[in-house]
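This report concerns one protein model and the links between parts of its chain. The sequence and the structure are shown first.

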Amino acid sequence: MHRKFSSMIMLAVMVLTLIVVPVSAGGATQISGIGYFPSEGECDDRAVTGPEGQPWDFALKLTGDLEGCWYVVVETAECRPSGTYMETGYDIYVGEGDEGMFTTTYRFTAKYEDCPNLADEIFGRCQHPITAGSGTSTFEGVTGRLDFKDDIEAGNFPYRGHLKR
């Protein structure tokens with residue numbers, strides 16, 4: 001009985017090791033924080049542009065593991081009769097101080113009560129894969145992805161993701 005119990009413990013440890021090792025062996029750093037619409041005078045750098053020089057459409061102030069400004073360039077937007085909204089585009093993250101920057105592409109999906117006017121959001125979420133080779137300074141060579149999920153009640157945008165060099 002003791003031998004069987006020891007074998008079961010050893011098997012459990014091996015299974016847990018197999019589950020945990022790929023997450024940490026790749027060297028990815030888990031990140032999280034909250035984005036919110038900036039106060040006047042924050043995140044208003046018009047010198048920041050999209051990949052083809054286009055101006056950004058709106059910005060978020062990020063706090064948490066990323067501290068800086070998240071500039072969004074909308075490329076496509078579509079409202080469906082069901083209230084489903086889909087949007088794609090580019091983001092430019094500019095860290096505070098000399099932290100550096102990186103860009104992403106994104107896909108945003110949401111549901112609105114009044115989709116044509118983007119009013120009364122029911123839910124929203126987006127995925128932001130980091131554009132390879134776009135990082136500077138601290139973010140040089142970084143890859144990974146960030147995911148945002150709109151917190152409708154709080155009026156902010158919690159994010160989480162992973163960065164890897």
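The text below treats the fold, the disulfides and the salt bridges in turn.

## Basis of the values

The model is predicted, so local features need pLDDT of at least 70 and side-chain atom pairs count only at pLDDT 80 or more, while totals for chains, interfaces and linings use all residues. Residues are numbered from 1 along each chain as its sequence is written, and side-chain values use heavy atoms, with hydrogens and water left out.

## Fold

The protein contains 1 helix and 8 strands; helices (H or I, at least four residues) and strands (E, at least two) are DSSP runs numbered from the N terminus. Read from the N terminus, the order of elements is α-β-β-β-β-β-β-β-β. The 8 strands close into a barrel in the order E1-E2-E3-E4-E5-E6-E7-E8, with antiparallel pairing. Two strands count as paired if DSSP finds at least two bridges between them. From one strand to the next, the twist averages 30°, where axes are lines fitted to C-alpha atoms, for helices over the stretch in contact, and angles run from 0 to 180 degrees between N-to-C directions. Strands of a sheet pair through backbone hydrogen bonds, either parallel or antiparallel.

Strand E3 illustrates the pairing on both of its sides. E2 and E3 run antiparallel and are joined by 5 bridges, and a hairpin of 3 residues connects E2 to E3. In this pairing Ala-59 stands opposite Tyr-71 in E3. E3 also pairs with strand E4 (residues 84-95) in the antiparallel sense, over 11 bridges. The hairpin between E3 and E4 has 4 residues between the strands, and Gly-83 in that turn has a positive phi of about 95°. Cys-69 stands opposite Val-94 in E4.

Of the 165 residues of the protein, 32% count as buried; buried means under 20% relative accessible area, exposed over 50%, and partly exposed in between (1.4 Å probe, protein chains only). The protein exposes about 10100 Å², of which carbon and sulfur atoms supply 58%. These areas come from the Shrake-Rupley method with a 1.4 Å probe, and for residues only the protein chains shown count as cover. Among contacts between residues at least 6 apart in sequence, 47% join residues at least 24 apart, a contact being heavy atoms within 4.5 Å.

## Disulfides

How many disulfides does the structure hold? The count comes to 2, a disulfide being a pair of cysteine sulfur atoms within 2.5 Å. With the bonded cysteines numbered in sequence order, the pairing is 1-2, 3-4.

The link of Cys-43 and Cys-69 is left-handed, with -80° about the S-S bond. Cys-43 lies in the loop between strand E1 (29-36) and strand E2 (58-64), and Cys-69 in strand E3 (residues 68-79), so the pair ties together parts that are 26 residues apart in sequence. Cys-43 is buried at 7% relative accessible area, and Cys-69 is buried at 12%.

The other disulfide joins Cys-79 to Cys-115, with S to S 1.9 Å. The link of Cys-79 and Cys-115 is left-handed, at -100° about the S-S bond. This pair links distant parts of the chain, with Cys-79 in strand E3 and Cys-115 in the loop between strand E5 (101-114) and strand E6 (119-129), 36 residues apart. Cys-79 is partly exposed, at 34% relative accessible area, whereas Cys-115 is buried, at 3%.

## Salt bridges

The structure holds 3 salt bridges, each a side-chain nitrogen of Lys or Arg within 4 Å of a carboxyl oxygen of Asp or Glu.

| Lys-61 | Glu-96 | 2.7 Å |

Lys-61 is buried, with a relative accessible area of 11%, whereas Glu-96 is partly exposed at 42%. Arg-80 is partly exposed at 37% relative accessibility, and Glu-78 is partly exposed at 38%. Arg-145 is partly exposed, with a relative accessible area of 34%.
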